[in-house]
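Dear colleague,

I am passing on the structure we spoke about, and below it you will find my notes. Please read them with the model open beside you.

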Amino acid sequence: GAVTVLSGPGSAGKSSLVVGWSIALALSKRWHRFVPVAPMRVFNYNTEDDNIEQHRRMSATLRQFDATPRDLSNKVVRIGPNGTGTLLRRDPISGRLAFTAAMRALETLIEEQRPDVLILDPLVELHDAEENDNTALRAVMAKFRQLAIQFNLALVLIHHARKGSGSAAGDPDSLRGASSIVGAARVVLTVLTMDEEQAAKLGISSKDRARYFRVDGAKSNYAPLHEAEWFERIEYELDNGEKVAAAVPWQPPSAFGELTSAMLNQVLDQIGAGPSPGVLYTPSKRGGSSRWCGQVLMDMAAMEEPRAKQIIGQWMESGLLHKTAYDHPELRRSVPG
């Protein structure tokens, strides 16, 4: 009964993600953070990729599920128009929307087979309204929401991002066109390829970063780097010898690099003990580097100062470390620690 919008630039990973979701739904298998509650039937209406290309992507993605196309029989239904894929036409004078023949045929198919999920790709090809017209797009989204309610299904719209929005993970303003698209959707997600800054933080080369993409919620604040849902494009060889990339769940390297749990505990124990009896470490270098808790990381883990600052900041943000005021035994006054 609700509409989800999945948005991102071209080649960011949207299609690969949708294929993975479809298979996970059909098989009722967890796929990263996507957890189906039961086996479901999925309709995928695609006006951009031809039948052969969809076959390739489905075949490649199935391999990580240890499944075959037979396992998806009558569970994942791929639909494509014979001609133009437009579903809604807007009268330029009255502004009213009308169903096209393709929409009526799709509605009949939905009524007969009752899918649980309907994926429509891409939004710009589904209607002929002016994309930046808030009133028109509000009506378009209302029609799709009405369809979701009428047939009690989850409707997913694949959408394009604005040009130049390559670093706008989780930003609702990154979606192309009218803002009413975001307003009418219950869930909005962005898909973005890993950028240079993220790759540098994770120790991934510029050449390899395009293999990774992230998924973020766009109706909430920007997710920290290690809280995004990440995927890697892995090439699989098909039976005909072709190599096709598929999205595979991926977890970024630990935020603490090579540090083991034992080393982290030793560092935290030393910070807890303080530099001397009755004295606490400071959260910044204002009290001198010898009293800064980041210096403990640098000394015990042979860590560079920028990385130590980053980890101390994460510990402060998570509550593992916290600032307080205490009476310094030597200075005989209250100081921060």
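A search of the whole structure finds three cavities of 30 Å³ or more, where a cavity is a set of points, on a 1 Å grid over the protein atoms alone, at which a 1.4 Å probe fits but cannot get out. This is a predicted model, in which local features need pLDDT of at least 70 and side-chain atom pairs count only at pLDDT 80 or more, while totals for chains, interfaces and linings use all residues. Residues are numbered from 1 along each chain as its sequence is written, and side-chain values use heavy atoms, with hydrogens and water left out.

The largest cavity has a volume of about 110 Å³, a volume being the space filled by probe spheres set on the grid points, which are joined across faces, edges and corners. Its lining (residues with an atom within 4 Å of a point) consists of Ser 15, Val 18, Val 19, Asn 44, Asn 46, Asp 49, Gln 54, Arg 57, Met 58, Arg 78 and Asp 121. Helix 1, strand 2 and helix 2 (51-62) are the elements that give two or more residues to this lining; helices (H or I, at least four residues) and strands (E, at least two) are DSSP runs, numbered from the N terminus. By class, the lining of the largest cavity has three nonpolar, four polar and four charged residues, with Ala, Val, Leu, Ile, Met, Phe, Trp, Tyr, Cys and Pro counted as nonpolar, Asp, Glu, Lys and Arg as charged, and the others, Gly among them, as polar.

One of these lining residues, Gln 54, is found in helix 2 and is buried, with a relative accessible area of 12%; buried means under 20% relative accessible area, exposed over 50%, and partly exposed in between (1.4 Å probe, protein chains only). Leaving aside neighbours within four places in sequence, Gln 54 is in contact (heavy atoms within 4.5 Å) with Asn 46, Asp 49 and Arg 78.

The second largest pocket, for which a pocket is an open set of points with protein on both sides within 12 Å along at least five of seven lines, has a volume of about 460 Å³. Of the 19 residues that line the second largest pocket, the closest to its centre are Thr 4, Phe 34, Val 117, Ala 154 and Val 156. The lining of this pocket has 16 nonpolar, two polar and one charged residues, and its largest share, three residues, comes from strand 7.

Not counting residues up to four places away in sequence, Leu 157 touches Val 3, Thr 4, Val 5, Leu 6, Leu 120, Leu 123, Leu 126, Met 141 and Phe 144.

**Loops and backbone geometry**

The loop between helix 1 (14-27) and strand 2 (42-46) holds His 32, which has a positive phi of about 60° although it is not a glycine, and which is buried at a relative accessible area of 16%. Arg 33 lies in this loop between helix 1 and strand 2 as well, but is partly exposed, with a relative accessible area of 45%. The C-alpha atoms of Arg 33 and Glu 229 are separated by 7.4 Å, although these residues are 196 residues apart along the chain. Apart from neighbours within four places in sequence, Arg 33 is in contact with Glu 227, Ala 228 and Glu 229, and a polar atom of the Arg 33 side chain lies 3.1 Å from the backbone oxygen of Ala 228.

Asn 152, in the loop between helix 4 and strand 7 (154-160), also has a positive phi, near 50°, and counts as exposed at 63% relative accessibility. The peptide bond from Asp 121 to Pro 122 is cis, with omega near -10°, and Pro 122 is found in the loop between strand 6 (117-121) and helix 4 (134-150).

With best wishes

Terms used: A polar contact is a pair of N or O atoms within 3.5 Å; within protein, one must be able to donate a hydrogen and the other to accept it, and residues adjacent in sequence count only if both atoms are side-chain atoms.
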